[in-house]
Structure formats: C-alpha cells, structure tokens
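Okay, thanks for coming, everyone. I want to walk you through how this one is packed on the inside. Have a look at it first.

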Amino acid sequence: STWDCTGAIKFISGNASLINEMVNKGAIEILLQVMRMINEINEDDTRFSSSGHLLVQLTATLRNLVDLLQSRCKFLEYGAIPELCLTLEKRMSDKDVCINVARIFSKLSSFNDCCATLADCSRCYALFLALLNKYPTKQDLVIRIIFILGNLTAKNNQAREQFFEEQGSIDTLIALFKTYCENVPNHKLWKDGEIKNLRHPSEAEDILIKLIRVIANLSIHPNVGACLATNHHIVALLITVLECKSVEECEELVINAIATINNLSFYQVKNSVIQEKKLHIAELLLKMLMTSHMDGILEAIRVFGNLSQNHEICNFIIQRKGELLS
C-alpha cells in the first residue's frame with residue numbers, strides 16, 4: 001500500500017548513508033508531486049483524513065532529506081516552500097504534520113536563498129501566527145516557529161513590516177512571552193530570582209531568547225521600532241528579564257534583552273515607555289556595568305549612550321560614578 005511505501009521511504013531516509021542516493025534518484029521531486037496531489041484534496045473529501053497519515057510520513061521524509069546541500073537546491077527548484085505553506089494551511093489541525101513542516105522550515109530558513117523564498121510567501125506570517133495561537137504550549141513547535149520568524153526578520157526590512165502588520169502579531173508575541181515567564185502550569189520561570197518548578201528550563205528559556213530576538217529584529221525597522229518603543233507590555237517584559245535574571249545565570253537571555261532595549265531606546269518618540277522608565281532601566285543596567293561580562297557591559301553602554309541625551313540620565317551617571325569607579 002501507499003502507506004507502507006511512504007513508511008519504508010521515511011525509514012530509509014533516516015539512514016545517513018542512503019539519503020544521497022535517494023536525492024540523486026529523484027526522491028524529492030516524487031515526494032513533492034505526491035504532496036501536491038494530497039494538497040488538492042478538499043476537506044469534505046473522504047480521502048482527506050486518510051491522506052493525513054501519508055502526509056505525516058512524507059513530511060518526515062523531507063525533513064530527513066533537507067540537510068543535504070543538493071536537497072536545498074531541489075527544494076527551491078521544485079517550489080517546495082510555497083507547497084509546504086499550503087500544506088500548513090490545509091493541515092493546521094494535524095500537529096504531526098505541522099511540527100514536520102516547522103522542522104523543515106527551521107532548517108531551510110537558516111540559509112539566505114531559502115529564507116528569502118519563504119519571506120516571499122506573504123501568507124506564511126499569518127500561518128505561523130495561527131500556529132502559535134493554536135499551540136502556545138507545544139514547546140517543540142513554538143520554539144521552531146519563533147526561530148523561523150527570527151530568521152525571516154533578521155535581515156529583511158520588508159519581512160519585519162509584513163509580520164508587524166499581521167493582525168495580532170505583537171499581541172501573540174506578548175502572550176507567548178507571558179506564558180513562558182509565568183502562566184504555564186508548574187512551569188513558573190521566575191520566582192524569587194530562581195528557576196523553580198520547571199521541568200525543561202533550558203527549552204523554556206530558549207523560547208524566551210528566541211522571542212526577544214524576534215522583537216529585537218522587528219525594532220530595527222524605523223516605523224515598527226518607534227511603535228514598539230511605546231508598547232508598555234513589551235518594555236515591561238524586557239525589564240522583568242533584567243530584574244529577575246543575572247547575566248551569570250542566563251547570559252544570552254539577559255544580553256538579548258539589553259540589546260533589544262538598546263534598539264528601542266534609539267527612538268526618541270512621544271509616549272516612549274523606554275523614556276518613561278529610563279531611570280529604572282539605568283538602575284538595572286548599572287548592575288551590568290559592575291560585572292566583568294564584556295558583551296553585557298558594551299550593550300549597557302550603548303543604551304546609556306541613547307538615554308544620556310536626557311539630563312536626568314546625565315545626572316544619574318554623575319551621581320553614581322563612585323559605584324562605577326570603586
């Protein structure tokens with residue numbers, strides 16, 4: 001049967017010594033052709049449900065093949081990326097298919113040509129947001145979607161703008177941030193400055209790191225950054241990171257938070273929450289300046305460079321210079 005065949009192909013694709021041969025024999029083209037046929041099946045068709053099982057095997061196989069350089073060329077050549085977006089759109093309720101496609105995109109989006117092709121699929125942003133809203137506590141899916149969004153917005157100003165303009169995009173990021181800080185049952189990340197009751201602290205922490213990276217990337221866009229600088233929730237969550245975690249405990253998390261505050265502090269706009277909270281932020285960054293962590297010190301100095309345009313911050317630095325020099 002087709003089910004047995006795709007299962008066997010998936011099994012073979014797990015063998016590193018055989019995947020080169022599979023790609024050379026045209027496996028990717030054939031699998032994408034089958035995927036297109038499945039994507040043409042409507043939801044009210046009796047074949048829709050049974051074909052979902054095939055799609056799980058098929059997408060798992062493509063994930064195994066995607067690591068090869070020649071595979072990535074074929075993914076681009078045969079239009080795999082828009083087809084995978086269509087698969088996500090039609091199979092949103094199938095968690096296994098969604099995680100397989102997310103794994104493929106997380107790998108592909110690490111390469112500039114593939115990332116640019118994915119960014120050109122304008123509906124991908126809405127799809128990724130829909131997945132984050134549908135499965136906010138499915139960590140293995142969330143971490144990959146956030147990683148993909150970080151890649152999409154890393155160097156592409158149009159991608160930053162398109163994602164920001166999707167309805168509810170920033171609210172979704174804020175909700176996720178709160179979920180992985182506070183609201184996951186038995187997963188409180190911060191309590192009295194310590195990690196407690198957290199079964200997988202590294203994964204939850206990694207989600208926060210990647211979330212902050214997305215916010216930092218978005219804030220590079222002039223209009224988006226100026227808007228984010230006035231967002232109380234975003235700034236409050238970044239401040240919470242600095243209040244509750246030290247660079248010794250969570251280096252990347254803290255450094256990313258300071259770098260994002262630096263990006264936002266660049267915007268001298270009316271109603272800037274960074275400006276409103278500038279003295280509190282300065283107090284928190286003062287602690288960073290008194291560490292021996294050079295990357296953290298450099299990021300903190302950059303923030304002070306932006307904030308010191310205000311006389312209150314200048315006075316703060318003068319008043320506290322004794323602590324810095326001691």
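So, the largest nonpolar core has 105 residues, and those with the most contacts inside it are Phe 105, Phe 128 and Leu 152. By nonpolar core I mean buried Ala, Val, Leu, Ile, Met, Phe, Trp, Tyr and Cys residues joined through side-chain atoms within 4.5 Å; buried is under 20% relative accessible area, with a 1.4 Å probe and protein chains only. Helix 13, residues 201-218, gives the largest share of this core, nine residues. Helices here are DSSP runs of H or I, at least four residues, numbered from the N terminus. Domain 1 (1-118) and domain 2 (121-184 + 202-277) both contribute residues, so the core lies between them; those bounds come from an automatic or database domain assignment.

Quick caveats: this is a predicted model, where local features need pLDDT of at least 70, side-chain atom pairs need 80 or more, and totals for chains, interfaces and linings use all residues. Numbering starts from 1 along each chain as its sequence is written, and side-chain values use heavy atoms, without hydrogens and water.

Back to Phe 105. What does Phe 105 touch? Leaving out residues up to four places away in sequence, Phe 105 touches Ile 81, Leu 84, Cys 85, Leu 88, Leu 118, Phe 128 and Ile 148, with contact meaning heavy atoms within 4.5 Å.

Zooming out, the protein has 20 helices and zero strands, and 50% of its 326 residues count as buried. Of the contacts with a separation of 6 or more, 73% are between residues 24 or more positions apart.

Terms used. Helix = DSSP H or I, 4+ residues; strand = E, 2+ residues; numbered from the N terminus.
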